[in-house]
Each structure stands twice: as structure tokens, then as C-alpha cells.
Amino acid sequence: MKSILLVFLIGFISIWGFSQELSFTANGPAKVGLNQSFQVSYMVNAKGSNLTLGDYSDFKFVNGPSTSTSSNTQIINGQVSTSVSYSYTYVFQPQNTGKFTIGGATITVNGKQYTSNSVTIEVQKDPVQTQNNRRNNTYDPFADFYNQTQPQVNNTPKEITNEDLFVRVVTDKTNLYKGEPINAAIKIYTKVDLSGVNEIKFPSFDAFYAEELESATRLNFTRETYNGQTYNVALIRRYILYPRYSGNVTIESCEVDCQVRQAVSGGNNFWAQFYGYYETVQRKIKSPEVNISVKNLPPASDDFSGAIGTFNIKMTQSADTVNINDAVTFKLVLNGTGNFNMIEIPDIVWPKEFEVYEPVSSDNTNVSTAGVSGTKSWEFTVIPRYPGIFKLGKINFQYFDSSTKQYKTISTNDITLAVRKDKNDTKFGDTDYVYSQKSIEYIGDEDIRFIKNNDLNLTKNYTPIITDSFFSFYFILPLTVFILLVIFLRKKIKENADIAMMKVKHAGKVSRKRLKRAKKFMVQNNKTEFYKEIISALWGYAGDRLGIAVADLTKDKVLNVMEAIKTDPTLATKLVEIIDKCEYAHFAPNSKETELSYVYKEAADIIEELEQKLKV
Amino acid sequence: MKNITITLLLLIIVLNIFANDIKTESDSALNYYLNSDFEKALAIYEDINSKGYCSADLFFNMGNCYYNLGDLANAIYFYEKAIVLNPSDEDILHNLQIANSKIKNKTDIVPEVFYLRWYKSIVSLFSTDKWAILSIIFFILCLGTISLYLFSKRIILRKTGFYSAILLFILSIFSLIFSIGQAKLITNNNFAIIFETSLVKSGPSDESTNLFEVNEGLKVEITDSLNSWYNVKLADGKQGWIIAENVKKI
């Protein structure tokens, strides 16, 4: 019965409690420092939902809400009253100095919307210690009570100055030549208890080619002395930087949001004793900008490859001696330390007799604090198209030595390639190798030839001769002369034609007639007449056929003419021999007898033979 | 009689003075050319030409002036004119080739049938006048060898005379044909040079379809003409109509 009554009572009280007036208030600090984050709490004495914050655009939202509930039961004069309060806490961070307002938040309780008061906060440059700021998430309902009794000074932790906590971009040099590397490390220096780092805004390094060397996953603190003081120093990131421009370039500042754990003094604070002596404070630190002066390299010659650092160069070739049209690989290897990404390929003058393909370049580099080191190589595939011993000479590579600050030229060994010709190919002569000779090439473009500086061979009102009306005269005149000549000498022409042609044509016939008569004399055994006929047949034939006048007819003449018209010399001598023999027999009849028939046959044969040969 | 002699003498003197005049003019043109004042050199050559004089060398020099002034169309035009008068001059051929290599249009020349190619290379060995003179010489030699045939008693001489007569007659006829062919190029040249970048159309009117574009300096063959339009044929065989004022006949 008693318990039923109690339940009833409690129920009644809570209804009464709900029926009491609803309050929805916002609490925030009046003053905060620029780098301090602060809390704003919204308290409502009933369970609500859909809490919507007012306008807080002047501040940066950090986190929230963290909610807590507290109930308070009072028994006064036997009367029990219970108050419940819900708190929603948000953390903000100021962005600028000045006075700003966070607008009233709205909340829905039992279907009705309520609006809280707005909070005005003054943001000042120096940090301010306030109650709210020191508190961690929980709302302390007793705070007000203690605050009234405890003096504020006791609670103020030690101020964090710029000497206690800062970030720096440490560079190994600030004065250098364009293309040299800078070693830059972003380090955080602290004397306070740094519990963590929230957010880091790294410099953009716009003026550099930046290569990240190292990035800390967690902060490893080492002790280091800086400006006479000892700090705990942790590396955040390490870069290697290559300036892109000459002149003064800056490394922008690096911004770090830090969480610092601070001991709270004042052991009298109950909650501080209860929760521990520490609380976390947000601090935003910013590194100073670093100015780097980048000098241009001293004036370079055309051979400068763009390389800065220290290098070695080497050329290797797949073979010293090759056959014509066989591919050879030349590999140019550059190793050392420096700005490999900006190195241009050295100029190699290949002989015109080589067919050279585009080089294949490959990099094998790694980045260290000393800069980029490793090797870069270019591989040329070359096909010699002519035999010979080709001397390419040395390949020079000029770079800027960053240690001596001077240009330096290094070169490869002398490069020679012997190209053997094809054994079966006779195009290039007998020797295996041919010393190649340079053909003359135009240096630039071909140009037109110089004007004619003679008297220009001018003609006035030029028309081609052929179009002249008197042109035909040049033909008619000689033709007329010729025709007249023909008319005047036509008798001689006829004679010439007759005599010459007839004699030639009839030479064979005439001589055969004479031979026939000689045969008759042979049968009669009339030696004198026989020889007479034979001799005249032979002489007559030679004279008529060869066109020799009777007066000129001698053996020498006959031989000469026959030689001139390129008759077989044996025929000519045979003819003369037979004539000789016959003449001898004719004029010395008592000499040794020869068969007449035999002489006849010889004479007839030679005439027939000559007739055949001369016909052509 | 005396009068005639005096007139003749006077005429010779006048002609000499005139010739000397030309000589000094061409000398000063040479000086301008040497000093890279091509415009002045060109003006002098043009003056000589306007007096009715012409020669391959004159046109060649004018072409050189235009080339150096950057006027490729005119340069090619004058080189072409020069090559017509002296088809075997290496300097002209060389400069024409260089000028042609600088123009925008590159036309692939369709290879001609071998006999046409041979014909052209033989014809361009000499100018029309040289061919004409050669023809006359061959003709006279031909008559001479016929005489040898007719008047000689020696068989060999008669034979050689006969055959060479035939050969020389053929040579004479061919020389005459070549001479006529070359003369045609001078009196009635079918080729022209494009002087202004223009569109070649399918017919002789502005409304006709555009076929292709030709740029200045290109050599074209004129195959027909109508009103103020020419039907032109390119070296690669493309054909179309072009406004006559944009081309200049060689």
C-alpha cells in the first residue's frame, strides 16, 4: 500500500515537474583567446529532440554535441521536487578577433519548438582562461557553486607561449643555385606536454619540385637544443626540394593544430582531483616563412646539359665489330647525384651511314637527403648501312658541379665501331673495311644560284627562227644548189652509176666467160692461150669487182683495197699467189709443168670464193 | 652610194650606243643585286624587258630577284619563261626546282609513258633556235652525202654516202619537229602559273561546285577557256575551272 502510494506520488511529482516552466538556455564564455577553442552548452530541463544550432558562421565548428543528463531531487519540508536537466555541449574555435554572436538554437519538446538565448563571445588575441574552457566535455553543475568560493587564479594553468611550442621548416641552405637540392624538414619543437596533433596544413611548395623523403606516422621526440634552450623535437616530414625559379622564393608556413595537455593546479578543485590534474588545450601554431634565394647558374655554353650535381658518364656498346646491317646497341649511362629529372640527352653526332632509332631512356634513382642519386641511361639501337671503321669520338657531357660551383665537362671513351661488309657484296671493293669518307652536305637549306652576270645574250623582239618566213630559205638555197649540181653533172652521174655498178655486177659473169674460154684452150692443150685467158679473168675480176681502174691495177693495189674492205687476208694473198703462178707459167713456158686442169680449178675456186665473200 | 655608207655607219653607231646602254644597265642591276637591293635590280631588268629585249638569262635574273623578294609565284613564272628559252640551262633548272619546293602545293606528278618522257628529255636538250639550226645543218650534210653517193666512183664511198644521207635526212626532220615543238612553247604556251590562291570549280561560273584549292606558284596546264575562265589541269591529272585573272600564262 505504501509503495503504491509512493509510485503515485512520484508520478504526480513528475507530472508536476513537467508542468513547471520549460527553460532552454545557452551558456558560453564571454571572452576567449584567438587560439583557444571553447565550449557552448545548451541546457534544457526536459527531454527534447532535434536540437538545431543557430548561426555560428564566425566560428569554426570543432565537435559536438556531447550530451549529458543530470537529475536533482530535492526534499524540502517533506516535499520532494525533482529537476532534470539535459545539456548539449559543442566545441567551437574562433577564427578572427572581435565580438561575435552565436545565434539561438532551437529544440523540440513535446512537439513544441523552443528557442534559446544567443551567446555573444568576445575573441581577443591573448589566451583567456575561463571556466568553460578548462572543462572537458561534462557540464559541472557544481561549478558555479565552487567558483564562488574558489579564487580563479589558482586554477589558471601556465600560459603556453610561442617559445614553448612552435613549428619550423628547417632547411640546410637558403642560398643556392637553381637546380640544386634543398633539404627541408618540418619539425615541431615543444617544451610542453604535446598530447597530439590534430591537423597539419603543409606548405604547397609551389616554387619547387618537391620530393617527400620521410613522413612521420607518429611523433618521435628527441631532445635538441635550439636558441640555447632544450626542446623536445619531433620530425613531421622531410622533403627534398628543387627550386623551379630563380630569385627569391619562399617556403610557405606550415600550420599545425596541437593538443596540449596542461596540468591544472589547485588541488582544491574537487572535479580536478576526481578526474586528474590534466586538461587538453587546443593550440594552433604556424611556422615562419622561409626565404630562399635562388641564383641563376653562371652563363653556360650550348653544351650544357642542364645537369647539376656530380656525375660520371660511360658508353657501352654491344659489339666492337659488326656485320653490315646488323643492329648494335649503344648504351649511355650517367650515374651520380643531381637533378636527374631535368637532364637532357647529350648530343651525339651519328655518322650519316648509320640508321639510328629513338633512344630508350630509363631511370633508376632514389631520393635521399643528399638529393636524387642513381643512374639514368639511354639506349640507342643503331644499324650501320655502310661498311667502314666509324669513329664517333668522345661524347661530352657538361654539368654544373654543385660542390665546386663550376661547370665541368666529362666525356666517355673514344667510341669506334667497325662495320664489316658482306662477303658476297662487291659494291664496296675488296677490303673488309672501308674508311668512310664524308660526303659534302648542305649546311643549311639549299639556296638558289646567283644571277647571270654576263651580257645576258639579249635579243630584241625575239621570235623563234622557225617562225620566220625566210626560214625555209635555209633549206631551199642548199637544195637549189644541189639540184643545179645534179643537173649539170647528170651525165657523169649516169656514167658513174653505169660503169661502176655494171662492172661490179658483171665482174663474176665476165670472169666466168673468160674461164670458159680458158677451159676450151685447156682441152686443146694450148698453154699460152690458156694462161692468157686465166690471167685476164683473174685481173679483170679483181679490177671490176673492187672498182680499180685498169691503169691502177697492180698486185699491191689489189691487196690494199681488199684489206681496206676487210676481206679475208688469206683470200687476198691466195689470189695474188695464183696470179703470180699463172704469170710465171705464161712467161716462162719451159719451167716445171703444172697440170692445166689443176690451175684452172684453183682460179675458178678463188673467183667463186671471192664472189661469195664480196657479195655481202 | 656615199649616203648609204654614212647611214649604215650611223646605224651601227646608234646600235652600239644602245647596246652599251643595256650593258651599263645590267651592270648596275648586278650591283644592286649584290647589295641585296632586289627591288631596284628588278626594276632595271623590267626596264630592259620593256624595251623589247628578252633572253633566258634576263628572265632568270628577274626570277632570282622575285625569289629573294619572297614572291614565289613571280619567281616561278620567270624561271619557267627562262626555261622555255633555254631548256638545258642547269642554273635555271636548279633555281626552279628550289622555288617549286617552297610553294604550298605539292602535286604528285603522274609518271609519263616512257616514249613521252624520252621525247621531252630530248626536246629540252636544245632551244628552238638551236634545233632549227641543227635541222639546217643536218639537211645540208644530207645533201652533201647524197652528192658523195652520186658523184663518187668508189663503192665504199657511195655506200656510206647513201646510208648517211638517209640518216641525216631523218635527223634533220626530227630536229625540225623538235624546233617546232619548242617554238610552240614560246609563241603559244599552254602552261600558266597560279598567282593567287583560288578555288578551282567544276564549271566556268561562280555557282559551280568547289573542287579544290590551288596556291600561288603552282604550274598548271590550260586546256580550255570560256569567257574569263580557264580550264586547268594539274600535274597529277586533276582538272577544273579557274578565274583567268588568278593565273598568268607563261
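**Ground rules.** I am working with a predicted model, in which local features need pLDDT of at least 70 and side-chain atom pairs count only at pLDDT 80 or more, while totals for chains, interfaces and linings use all residues. Residues are numbered from 1 along each chain as its sequence is written, and chains are lettered from A and ligands numbered from 1 in the order in which they are written.

**Chain totals.** Chain A has 616 residues, and 23% of them count as buried. My rule for burial is the count of other C-beta atoms within 10 Å of a residue's own: 20 or more is buried, 12 or fewer is exposed, and in between is partly exposed, with C-beta atoms placed from the backbone. In chain A, 73% of the contacts with a separation of 6 or more come from residues 24 or more positions apart. A contact here is a pair of residues whose C-beta atoms, placed from the backbone, lie within 7 Å.

Chain B comes to eight helices and eight strands. Of its 250 residues, 36% are buried. Among its contacts between residues at least 6 apart in sequence, 56% join residues at least 24 apart.

**Where the chains meet.** I find 35 residues of chain A in contact with 38 residues of chain B. On the chain A side, strand E32 (459–460), helix H5 (473–488) and helix H6 (490–524) each supply at least two residues. H5(A) gives the most, with seven residues. By class, that side of chain A divides into 21 nonpolar, eight polar and six charged residues. The classes I use are Ala, Val, Leu, Ile, Met, Phe, Trp, Tyr, Cys and Pro as nonpolar, Asp, Glu, Lys and Arg as charged, and the others, Gly among them, as polar.

I then followed H5(A) across to chain B. H5(A) packs against H7(B) at an angle of about 10°, with the axes 9 Å apart. Axes are lines fitted to C-alpha atoms, for helices over the stretch in contact, and angles run from 0 to 180 degrees between N-to-C directions. That makes the two helices, H5(A) and H7(B), roughly parallel; the cut-offs are under 35 degrees for roughly parallel, over 145 for roughly antiparallel, 65 to 115 for roughly perpendicular, and oblique for the rest. Among the residues making this contact are A:Phe475, A:Leu479 and A:Phe482 of H5(A), and B:Phe139, B:Leu143 and B:Ser147 of H7(B). The tally is twelve nonpolar, one polar and no charged residues.

The chains also share strand pairing: E32(A) and strand E1 (residues 53–54) of chain B pair in the antiparallel sense over two bridges. Strands pair if DSSP finds at least two bridges between them. I noted A:Thr459 opposite B:Cys54 in E1(B).

**A glycine in H7(B).** B:Gly144 is found in helix H7 (residues 128–151) of chain B.

**A helix pair within chain B.** The axes of helix H3 (residues 56–69) and helix H4 (residues 72–85) of chain B come within 8 Å and cross at roughly 165°. That makes H3(B) roughly antiparallel to H4(B). The contact includes B:Phe59 and B:Tyr66 of H3(B), and B:Phe78 and B:Leu85 of H4(B). I count eleven nonpolar, two polar and one charged residues there.

**Strands in chain A.** One open sheet has three strands in the order E2-E10-E7, with mixed pairing. Strand E2 (31–33) and strand E7 (98–102) each have a single partner strand, so one side of each is left without a neighbour in the sheet. E7(A) pairs with strand E10 (residues 119–124) in the antiparallel sense over five bridges, and A:Lys99 stands opposite A:Glu122 in E10(A).

My last stop was strand E29 (residues 396–401), which pairs with strand E22 (residues 304–317) of chain A in the parallel sense over four bridges. E29(A) also pairs with strand E30 (residues 406–411), here antiparallel over six bridges. E29(A) and E30(A) form a hairpin with four residues between them, and A:Lys405 in the turn has a positive phi of about 60°.

Definitions and conventions: Two residues are in contact if their C-beta atoms, placed from the backbone, lie within 7 Å.
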